[in-house]
Structures are given as C-alpha cells and as structure tokens.
Amino acid sequence: MARSKSSKRWLREHFNDVHVKRAQKEGYRSRAVFKLIEIDERDRLLRPGATVLDLGAAPGGFSQYAATKVGTQGRVVATDILTMEPLDGVIFIQGDFLEDAVLQAIQAAMGEAAADLVLSDMAPNISGVDAVDQPRAMYLAELALDTALHVLKPDGDFLVKLFQGEGFDAYVRTLRSHFTAVKIRKPQASRARSREVYALARGLVRRT
C-alpha cells in the first residue's frame, strides 16, 4: 500500500531530525529522551537514590536516562502494554497498569518506597482527527495522574505529556489542586508545529 503524503513527510522529517541522529549516536532508544534531559537540567527532577515510575515506557528512552541519574541506590520501574528490551538498572513490567495485578506488581517492584517521581510520555495512536485524538490523549493523562496519586510519596513530583486543546486547562487546574506548583514546559526537542507540551507538577499534597 502506498504511503500517504503526510506519512512520507513524517518519515523524511524523522530521519533528518537532529535529535534522532543524536539519539542514535549517543545510544539512546528514542529522540524523546532529550525532552526529559532538557526538563531535568532545568528543573532538577532526577537525583541519586530516587524511586521513579515510568508509565508507557517503551521503547525506554526516559527509563534509560532516569536509570543513569538515580544510580545504583535508586530504582526505576517501567511499565507498558508493549514489549521493551531489557535495560540495565530498570525493572520492566509488561501489562496494563489499570489492572490490579499489574499495579500490584509495580508496587512490589518499588518495594516499601513510594515513588519520588512519576513520568508519563504516553500518547495515543494519532488518527489526524483532533476530535478523536485530543480526548484520547487527555484520557491517558487522566489515567497517569490517577496512578501517580496512588504511588507518589508526599512532596513527590509528576511529569506528564499533554496536548494543548480541549480539556487541557481543566486538567492543569486539577494538577494545581493536588500539587504545590505546576509548570508547563515546551522542550526544544518537541517539534515546533506539535501542540505537545509537558506539565511538571511538583510537591504532591497529601490530604487527610
């Protein structure tokens, strides 16, 4: 089947992308890692000894970088419904984190420690129809937040990919009701024409 003009354009952009070439050169699994690196360098998210949960982790770029930052005293737990090749310093759990058994496996992998940081770079398969894609993207973000609220320690942080559009402002307001500070970041590695941004929610507030 012949490729559409849009898919040909994406392939051309992808293979000419400076971040794709840099990821290949530096041994990272995806160009997305440079989004996390930029945010981490600016906001100092990752630190030695931290416990990190990476939702929708495959192919593993975020986890790969996180493992180098938390070191041997830290712990990175990654989960995805897709398979992911093993990574040093990363515990991978395949399955749907909405299922109780998978969530229990995640919590067991983290041990007695609650998460210091939850990462979510999840995005739906893009159809090109905004009325379909945006609700799907917001649904994934809501699921990620719900999981973060269950596994984060008090004062823990949450980094989630969002797409600007319907539901975005309401979601950010919800974040602000649970965390002490919320910032919106647009890393340079995000394509300029994309509506993709990252919400960084810091300092989970535990309410009794």
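This passage walks through the salt bridges of the structure and then looks at the surroundings of aspartate 116. The model is predicted, so local features need pLDDT of at least 70 and side-chain atom pairs count only at pLDDT 80 or more, while totals for chains, interfaces and linings use all residues. Residues are numbered from 1 along each chain as its sequence is written, and side-chain values use heavy atoms, with hydrogens and water left out.

Side chains of opposite charge can pair when their charged atoms come close. Searching the whole structure turns up 9 salt bridges, each being a side-chain nitrogen of Lys or Arg within 4 Å of a carboxyl oxygen of Asp or Glu. One of them pairs aspartate 130 with arginine 195, at 2.7 Å from N to O. Aspartate 130 sits in helix H6 (residues 130-151) and arginine 195 in the loop between strand S6 (179-185) and strand S7 (196-204), so this bridge ties together parts that are 65 residues apart in sequence. Helices (H or I, at least four residues) and strands (E, at least two) are DSSP runs, numbered from the N terminus.

Lysine 161 and glutamate 196 form another salt bridge, at 3.4 Å from N to O. Here the partners come from strand S5 (residues 152-163) and strand S7, so the pair ties together parts that are 35 residues apart in sequence. Lysine 161 and glutamate 196 are both buried. They also belong to a network, in which salt bridges with shared partners join Lys35, Asp121, Lys161 and Glu196.

A further bridge brings arginine 47 and aspartate 116 together at 3.3 Å, N to O. Arginine 47 is in the loop between helix H3 (33-43) and strand S1 (51-55), whereas aspartate 116 is in strand S4 (residues 115-120), 69 residues apart.

Leaving aside neighbours within four places in sequence, aspartate 116 is in contact (heavy atoms within 4.5 Å) with Arg47, Ala50, Thr51, Leu152, Lys153, Gly156 and Asp157.

Note on methods
Buried means under 20% relative accessible area, exposed over 50%, partly exposed in between (1.4 Å probe, protein chains only).
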